[in-house]
Every structure is written in C-alpha cells, then in structure tokens.
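Visitor: I would like to go through this structure and ask what stands behind each label. Please show it first.

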Amino acid sequence: SGTAPIDSQWQLSLSDERTSGVWTELMPASRPSARFSAASAVVGDRMLMFGGQDSSQAFLNDLWLYDHANET
C-alpha cells in the first residue's frame, strides 16, 4: 500500500497446489534489510537474493542465501 519496503520476512508453506498455504513470520538472527526491486532465484531448497533498493532508493550490493530445508 506504499512505496517503502516492509522490514519483515515470511515463509509460505504449501501442502499442495490447491491450497492457499500458511504464512509464518521468520525471525532470523541475521537477515537482509528491508528493500524493493531485488533480484531472486530459487534453486532446489535454496533461494538467492541480490541487491535491490532501500527506502531512500539507494542501490544495495549484497547477496543473501536462504536454505529452506535447514531454515537458515
């Protein structure tokens, strides 16, 4: 509903493709800052996220890896 990114992380768990799933908020010890326009890719149980922009529209130059199988 606005242009500022939201500073929280969520995980969507799907039981099958016919259900809407369950959202769970994640509270990791280390996590990416709030951002928008980041590039991401999913490879197996892992998701990579690179860059994007912060709320002041400054470009970010960081890479994050989330391992769904280990929840890290």
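Visitor: Where is the place of R35?

Guide: R35 sits in the loop between β2 (22–26) and β3. Strands here are DSSP runs of E with at least two residues, helices are runs of H or I with at least four residues, and both are numbered from the N terminus. This is a predicted model, in which local features need pLDDT of at least 70, side-chain atom pairs count only at pLDDT 80 or more, and totals for chains, interfaces and linings use all residues. Residues are numbered from 1 along each chain as its sequence is written, and side-chain values use heavy atoms, with hydrogens and water left out.

Visitor: Is R35 called buried or exposed, and why?

Guide: Buried means under 20% relative accessible area, exposed means over 50%, and partly exposed is in between (1.4 Å probe, protein chains only). R35 has a relative accessible area of 12%, so R35 is buried.

Visitor: What does the side chain of R35 reach at 2.7 Å?

Guide: The side chain of R35 reaches the backbone oxygen of G51 at that distance, 2.7 Å. A polar contact is a pair of N or O atoms within 3.5 Å; within protein, one must be able to donate a hydrogen and the other to accept it, and residues adjacent in sequence count only if both atoms are side-chain atoms. A polar contact of 2.8 Å also joins the side chains of R35 and D62.

Visitor: What makes the pair R35 and D62 a salt bridge?

Guide: A salt bridge is a side-chain nitrogen of Lys or Arg within 4 Å of a carboxyl oxygen of Asp or Glu. The side chains of R35 and D62 meet at 2.8 Å, N to O, so the pair is a salt bridge by that rule. The pair links distant parts of the chain: R35 is in the loop between β2 and β3, D62 is in the loop between β4 and β5, and they are 27 residues apart. D62 has a relative accessible area of 24%, so D62 is partly exposed.

Visitor: How many salt bridges does the rule give?

Guide: The count comes to 2 salt bridges. R46 forms one with D67, where the closest N and O atoms are 3.4 Å apart. R46 lies in strand β4 and D67 in strand β5, so this pair ties together parts that are 21 residues apart in sequence. R46, with a relative accessible area of 45%, is partly exposed, whereas D67, at 9%, counts as buried.

Visitor: How do you know that strands β3 and β4 pair?

Guide: Two strands pair if DSSP finds at least two bridges between them. β3 and β4 (residues 46–50) have 5 bridges and run in the antiparallel sense. A39 stands opposite F50 in β4. The two strands form a hairpin with 2 residues between them, and G44 in the turn has a positive phi of about 65°.

Visitor: Which strand pairs with β4 besides that one?

Guide: β4 is joined to β5 by 5 bridges, and these strands also run antiparallel. M47 stands opposite Y66 in β5.

Visitor: Why is β3 said to lie largely in the open?

Guide: Of the 5 residues of β3 (residues 39–43), the number buried is 0, so the strand lies largely in the open.

Visitor: What makes V43, L48, F50, L63 and L65 a nonpolar patch?

Guide: Patches are made of residues with over 30% relative accessible area and no salt bridge; nonpolar side chains (Val, Leu, Ile, Met, Phe, Trp, Tyr) are joined within 5 Å, and like charges within 9 Å. L48, for instance, has a relative accessible area of 34%, and is partly exposed. The five named residues have about 480 Å² of accessible area together, by the Shrake-Rupley method with a 1.4 Å probe, where for residues only the protein chains shown count as cover. β4 and β5 are the elements that give two or more residues to the patch.

Visitor: Which values make S37 and Q57 exposed?

Guide: S37 has a relative accessible area of 56% and is exposed, and Q57, at 54%, counts as exposed too. S37 lies in the loop between β2 and β3, and Q57 in the loop between β4 and β5. Phi of S37 is near 65°, a positive value in a residue other than glycine. Q57 also has a positive phi, near 70°.
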